[in-house]
Amino acid sequence: MSSPAHVRRSPTAPPPSFIWTRRIVLTLITLFTLIPVYVMLSSSLKPLSDVSGKFSWLPHGFSIRPYIDIWSTIPLARYFLNSLIVAGAASICSVVVAIFAAYAVSRYRFRGKRVFTVTVLSTQMFPGILFLLPLFLIFVNIGKSTGIDLYGSRGGLILTYLTFSLPFSIWMLIGYFDSIPKDLDEAAMVDGCGPIGALFRVVVPAATPGIIAVTLYAFMTAWGEVLFASVMTNDNTRTLAVGLQGYSTLNDVYWNQIMAASLVVSVPVVVGFLLLQRYLVAGLTAGAVK
């Protein structure tokens, strides 16, 4: 049999104009995303004189010196460690507390349940700068009255990040726990588990994608936060988001080192996102739909 002269298009297939429009839009979005990354990468491989001069898409000479100097120009290793400790502790504490709170809201009825969930969700409506001055005054007064120095410490910054990562984590996990059948809890309790045993042996393993998504969100939020870190830290507890300002001095701005450091400090978040991408998509999708 001879093949037909042309293949008949399916009635459900999109029109060719839509296909070409989609290709053009996706191409533009890709260029819009990748061009800044290319500029950062090329600028980080240029000498400072080339970066400070007229911009060129292709560097005249490659140099890895900026990637070596970034560690000595400012204490980048200390800032990196501070960010890792603060972001890691904030995300772990946020998820641990959110698991218990979300499980209680999802599985039990109690007075004020609706008020609690609405209050948790409404906290996301306010900009973070509204909480900056109250938290600053609270930390200073606690330090004066108890001697516990929360202001300028890693612990104080971790508590600060919990104020806006914890409500979102609770709200996301409530939606995810609601999607898990309660029959699993009842079956675990019939086998001898209590509420806590059912939570950790049945619900938490089933909610792993949602928990990973919430953990990654809390970590990324704390890793790149600037506003609170610029006020609540000192020279010893400064994080990366604020510490990168050290490459700008009164005499010069080390643009090549800024670009190199920006690429280096983004590696943990990018690697984590690529490794946990499928969990992030599944967790956000299940947690957003009840």
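**Close-up views of helix packing and aromatic pairs**

**View 1. The crossing of helices α8 and α9 is right-handed.** This is a predicted model, in which local features need pLDDT of at least 70 and side-chain atom pairs count only at pLDDT 80 or more, while totals for chains, interfaces and linings use all residues. Residues are numbered from 1 along each chain as its sequence is written, and side-chain values use heavy atoms, without hydrogens and water. Helix α8 (residues 182-190) packs against helix α9 (residues 195-206) at an angle of about 120°, with the axes 9 Å apart. In the contact (heavy atoms within 4.5 Å), L184, D185, A188 and M189 of α8 meet P195, A198, V202 and V203 of α9. By class, this contact of α8 with α9 comprises seven nonpolar, no polar and one charged residues.

**View 2. Y161 and F164 form an edge-to-face aromatic pair.** Ring centres within 6.5 Å define a pair; planes over 60 degrees apart count as edge-to-face, under 30 as stacked and the rest as tilted. The centres of Y161 and F164 are 5.6 Å apart, with 65° between the planes. Both residues lie in helix α7 (residues 154-178), three residues apart. Y161 counts as buried at 1% relative accessibility (buried: under 20% relative accessible area, 1.4 Å probe).

**View 3. F164 and F228 form a stacked pair.** Their ring centres are 5.7 Å apart and their planes lie at 25°. The pair links distant parts of the chain, with F164 in helix α7 and F228 in helix α11 (residues 227-232), 64 residues apart. F228 is buried, at a relative accessible area of 3%.

Key. Axes fitted to C-alpha atoms, helices over the stretch in contact; angles between N-to-C directions. Helix = DSSP H or I, 4+ residues; strand = E, 2+ residues; numbered from the N terminus. Left-handed = near helix turned anticlockwise from the far one by under 90°. Nonpolar A, V, L, I, M, F, W, Y, C, P; charged D, E, K, R; others polar. Phe/Tyr/Trp six-rings, centres within 6.5 Å; stacked < 30°, edge-to-face > 60°. Buried < 20%, exposed > 50% of the residue type's maximum accessible area, 1.4 Å probe, protein only.
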